[in-house]
Amino acid sequence: MEKSIKLTIDGKEYTATLNDNRTVDDILSMLPLELTLQRYAGHEYYSSLPQKPSIKGVPMTSDAHAGGIYYYDGWSAFTVLFGDAHIDPFKVVHIGNVNEDIISPLSVAGATVEAKIEINL
C-alpha cells in the first residue's frame, strides 16, 4: 500500500507520496503534527520533530532535490525543499516527494510557514 501524507502549508493543501522505510514509519506514528517551519539556507524549510525517528539501516543521501521531503538526524528535522541542494558532508533520509508544485509558493514565502502534517487517507 502506498504511503501518503497531506501537508497543509499556510492554508494550502498538498499531498506527498512517501518512501517505504523505517524513518517514514516512525514519522507517520507521530502524526498529526502542527509545526512552524523555518526558512534555511535559501533552499528549504525545516522544523524539529517532537521525537527522533530511527535512521538505522535506511539509505541516506547528500543530494536533496526541490519538491522533496527529507529528514536530517542532526537536528531531528523534518525538511521540505524548494531548491536543489548538495549538502556533503551531511546526509539526509529522503522521506518522499510532494505531488503538487510546492517550489513556487515556498520560494517566495517568508521566514516561517505554518504546517500541518496528517496521514492522507
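Here is a short chat about the strands and aromatic rings of this predicted model.

Me: Before we start, what should I know about the numbering and the pLDDT cut-offs?
Reply: Residues are numbered from 1 along each chain as its sequence is written, and side-chain values use heavy atoms, with hydrogens and water left out. The model is predicted: local features need pLDDT of at least 70, side-chain atom pairs count only at pLDDT 80 or more, and totals for chains, interfaces and linings use all residues.

Me: Thanks! How many aromatic pairs are there?
Reply: There are 6 aromatic pairs (rings of Phe, Tyr and Trp, with its six-membered ring, whose centres lie within 6.5 Å; planes under 30 degrees apart are stacked, over 60 edge-to-face, the rest tilted). In one of them, Tyr40 and Trp75 are edge-to-face, because their ring centres are 5.2 Å apart and their planes meet at 85°.

Me: Where do Tyr40 and Trp75 lie?
Reply: Tyr40 is in strand E3 (residues 33-40) and Trp75 in the loop between strand E6 (68-72) and strand E7 (77-81), so the pair ties together parts 35 residues apart in sequence. Strands here are DSSP runs of E, at least two residues, numbered from the N terminus.

Me: Switching topic, which way does the barrel run?
Reply: The closed barrel has 8 strands in the order E1-E2-E9-E6-E7-E4-E3-E10, with antiparallel pairing (two strands pair if DSSP finds at least two bridges between them).

Key: Helix = DSSP H or I, 4+ residues; strand = E, 2+ residues; numbered from the N terminus.
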